[in-house]
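Please consult the sequence and model shown here.

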Amino acid sequence: MADNPSLEPQSTATAPSARRKRTALEVLREIKQPKVAVMVALGFASGLPFLLTANTFGYWLRDYGTSLAAIGFISWVGFAYAFKVYWSPLVDRIDVPLLGRLGRRRGWILLCQILVAIGLLGMATVGTADGLAAIGAFALLTAFASATQDIAIDAWRIESASDADEVGLMTSAAQVGYRVALIITDALIIAAAARVGWGMSYVAMAVLMVLCMIATLFAAEPARAEVVLHQRLPLWTLRGLADAIAGPFIDFFAKHKVTGLLMLLMVALYRLPDFVMGPMYNPYYHDLGLSKDTVAWVRGSFGLVATFFGIAAAGLSALRLGFLPTLIAGLVLEGFGTAAFALLSINAGTTVFAAVMTLDAFAQSFAGVALVTYMSGLTSLGYTATQYAMLSSIYALLGKFLKGFSGIAVETLMPIYGLLGAYARAFVVTGLTAVPPLLLLLLLWRVQNFKR
């Protein structure tokens, strides 16, 4: 792993120079810690609402004849994830009334879980019968609460780790829970919807979110962060407000200087291959004629196994090869995984579908762990929630914006290439969006080697 602090992330706990680097076996032994199990559950809570206001929501709408353009635009409720940096200082500095007795991080997490459950129940209750306004409003509530929950959970994850290696372990644990939640909300729910309907399926997801509250109650509030946070000036003072708003950004660029801009640009582009066509995946399966049971079975079997292998491979790669090589590998996989969906327009048989889904699940989980681990190490105690929210907002913003036009892109290409041909070309072009961030990563690697 490189030793340049401006390029390779440092732990919010202990600098690498102050500790002995542990072996992979020593890190793996720490899986038995209770906080790792809690992290898996909180990762599940973080992942559960995500697709229910995005891809899976699009499948529900397409089932009821909603146009691709409308599906693309309503996916903009996901902008909550991109704009969460603007209210993240509140999560960093303010205790939730009543629930704040659980601790700042746990109080916010529990409040958001309650709001997510309410939002999902609202979506299930109003449905699509009276148009998209009511269900869209509840989807927005769900996305807003989910994004705020992510701020608090990410801060808890980083602050609960004792050093950089443990940040990687906690990130991998979070990704396991997160990806299991995605399988449930992107596979099992589809099979359930074919039998009991979308409304009841969303009610079941709300019940799962209520169960996630148990993990929040068992979580331990990070003591190290509490000490640092209580040393900050109160938010209601002028200097305290200025520190809460500007402090995280000043601290970030003081640490990384001009290279920080290059890092932020790379982060902003890194997940484009995954995000841009996000709202079109499930409508694509619908228009290919794939049954809900087929989609659910492939995702829940091949997809789940590939996801776990991707998480493990990324964690091991980051530990042994370093963050930048792991990011590069993840980006290459991500680009090929997205472009591979074009093959389904030629052959949508179960074997080909399983192969494409396996590659994509491995690629997305690998790239996800690589980026989250990298971003986690760039934060500082006292600013954890805001700095990580800044980074995750940056990586979500452009992709969330562009995906709103994914339906229009497909419909624009339809008169020339036909429906399936339009989908195929859109997926290939989206896969090519991996090239610009790949070039930025290579430049970062060169800068890193130059400064050594």
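Leu 98 is exposed, with a relative accessible area of 69%; exposed means over 50% relative accessible area, buried under 20%, and partly exposed in between, with a 1.4 Å probe and protein chains only. The residue lies in the loop between helix H6 (88–93) and helix H7 (104–126). Helices here are DSSP runs of H or I with at least four residues, strands are runs of E with at least two, and both are numbered from the N terminus. Phi of Leu 98 is near 70°, which is a positive value in a residue other than glycine. The C-alpha atoms of Leu 98 and Leu 111 are separated by 10.0 Å, and the two residues are 13 apart along the chain.

The model is predicted: local features need pLDDT of at least 70 and side-chain atom pairs count only at pLDDT 80 or more, while totals for chains, interfaces and linings use all residues. Residues are numbered from 1 along each chain as its sequence is written, and side-chain values use heavy atoms, with hydrogens and water left out.

The protein has 21 helices and 0 strands. Of its 452 residues, 60% count as buried. The protein exposes about 17,300 Å², of which carbon and sulfur atoms supply 73%; areas come from the Shrake-Rupley method with a 1.4 Å probe. Among contacts (heavy atoms within 4.5 Å) between residues at least 6 apart in sequence, 84% join residues at least 24 apart.

Two packed helices are described by the angle between their axes and the distance between the axes. Axes are lines fitted to C-alpha atoms, for helices over the stretch in contact, and angles run from 0 to 180 degrees between N-to-C directions.

| Helix pair | Angle | Axis distance |
|---|---|---|
| H3 (55–63) and H10 (198–218) | roughly 165° | within 11 Å |
| H17 (323–339) and H18 (350–376) | about 150° | 8 Å |
| H7 and H8 (133–160) | about 155° | 8 Å |

H3 is roughly antiparallel to H10, an angle over 145 degrees being counted as such. H3 passes H10 in a left-handed crossing, meaning that the near helix is turned anticlockwise from the far one by less than a right angle. Thr 56, Phe 57, Tyr 59, Trp 60 and Asp 63 in H3 meet Trp 198, Gly 199 and Tyr 202 in H10. The residues of this contact divide into 5 nonpolar, 2 polar and 1 charged. Ala, Val, Leu, Ile, Met, Phe, Trp, Tyr, Cys and Pro count as nonpolar, Asp, Glu, Lys and Arg as charged, and the others, Gly among them, as polar.

H17 is roughly antiparallel to H18, and the crossing of H17 and H18 is left-handed. The contact residues include Phe 323, Leu 324 and Glu 334 of H17, and Leu 359, Asp 360 and Tyr 374 of H18. The contact of H17 with H18 divides into 14 nonpolar, 6 polar and 2 charged residues.

The crossing of H7 and H8 is left-handed, and the residues of the contact divide into 19 nonpolar, 7 polar and 2 charged.

Methods. Parallel < 35°, antiparallel > 145°, perpendicular 65-115°, else oblique.
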